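This report walks through a few features of the structure shown below. Please keep the view open while reading.

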Amino acid sequence: MARSPDSRSRGRSQDKASRKGAASKTSASWLKEHFDDRFVQQSWQDGYRSRASYKLFALDDKDKLFRPGMTVLDLGAAPGGWSQVAAERVGDDGVVIASDILEMDSLAGVSFIQGDFTEQAVLDEILAQLENRPVDLVMSDMAPNMSGMAAIDQPQSMYLVELALDLAQQTLRPGGSFLAKVFQGEGFDAYLKSLRDSFSRVVTRKPEASRARSREVYLLAQGFKG
């Protein structure tokens with residue numbers, strides 16, 4: 001039996017309300033998980049801008065990323081968790097240049113450039129800030145806005161890390177290092193190979209602060225061949 005226009009309208013309204021309710025429950029669940037997260041709570045206690053700081057601490061403790069006086073380039077830096085750690089570890093004689101398309105509140109010891117580093121004007125500003133210093137470490141914690149659809153998200157995430165690698169190859173000193181968040185999936189193996197072509201040592205890391213269910217891993221490439 002055909003449904004009347006009114007019943008179809010009511011059905012659509014009920015479907016929309018159901019989807020909205022499900023989305024609200026998902027958002028509430030995510031917020032609870034986020035605020036209950038021990039690394040989120042630790043970041044509040046320690047005064048760091050994000051839980052991502054603890055990923056970088058773990059990576060540095062294991063692989064000795066930083067030393068005083070280094071020049072570091074942080075891509076996708078907002079809200080500044082990684083830049084904060086880098087500035088502390090390179091000290092007053094070091095240089096930390098951060099860039100993001102999003103705004104970021106100022107940080108002591110960090111020069112921030114807002115914009116898309118793939119645009120020439122932004123790239124020129126980054127290079128000007130470097131003042132011809134060779135870069136010791138390029139870091140990228142960039143990720144696209146996730147849709148939840150792997151066929152869309154994975155190519156976008158790989159595109160970002162490919163751009164980050166391209167900038168690293170332009171700015172790193174011989175022997176320098178590159179650290180990037182990469183999502184496992186299509187394109188990962190080819191990217192890993194390209195790193196091995198350009199660096200003498202490449203390792204995969206999954207720090208404790210990285211959520212277990214996430215496909216993210218961190219690729220650390222050391223010994224840039226130039």
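In this predicted model, Phe199 is in contact with a set of residues beyond its neighbours within four places in sequence: Leu165, Leu172, Gly176, Ser177, Phe178, Ala221, Gln222, Gly223, Phe224 and Lys225. Phe199 also belongs to the largest nonpolar core, which has 35 residues. Together with Phe178, Tyr191 and Leu195, Phe199 touches the most other members of that core. Helix α6 (residues 150-171) supplies the largest share of this core, 8 residues.

| Core | Residues in core | Members include |
|---|---|---|
| Largest nonpolar core | 35 residues | Phe178, Tyr191, Leu195, Phe199 |

Next comes a pair of helices. Two packed helices are described by the angle between their axes and the distance between the axes. For helix α3 (residues 52-63) and helix α4 (residues 81-90), the axes come within 7 Å and cross at roughly 40 degrees. On the α3 side, the contact is made by Ala52, Ser53, Leu56, Phe57, Asp60 and Asp61, and on the α4 side by Gly81, Trp82, Val85, Glu88 and Arg89. Sorted by class, this contact has 5 nonpolar, 2 polar and 4 charged residues.

Gln42 lies in helix α2 (residues 38-46). Its relative accessibility is 31%, so Gln42 counts as partly exposed. From Gln42 to Tyr54 the C-alpha to C-alpha distance is 9.0 Å, and the two are 12 residues apart in sequence.

How values were computed
Residues numbered from 1 in each chain as written. Predicted model: local features only at pLDDT ≥ 70, side-chain atom pairs only at ≥ 80, totals over all residues. Heavy atoms only, no water. Core = buried A, V, L, I, M, F, W, Y, C linked by side-chain atoms within 4.5 Å. Buried < 20%, exposed > 50% of the residue type's maximum accessible area, 1.4 Å probe, protein only. Helix = DSSP H or I, 4+ residues; strand = E, 2+ residues; numbered from the N terminus. Contact = heavy atoms within 4.5 Å. Axes fitted to C-alpha atoms, helices over the stretch in contact; angles between N-to-C directions. Nonpolar A, V, L, I, M, F, W, Y, C, P; charged D, E, K, R; others polar.
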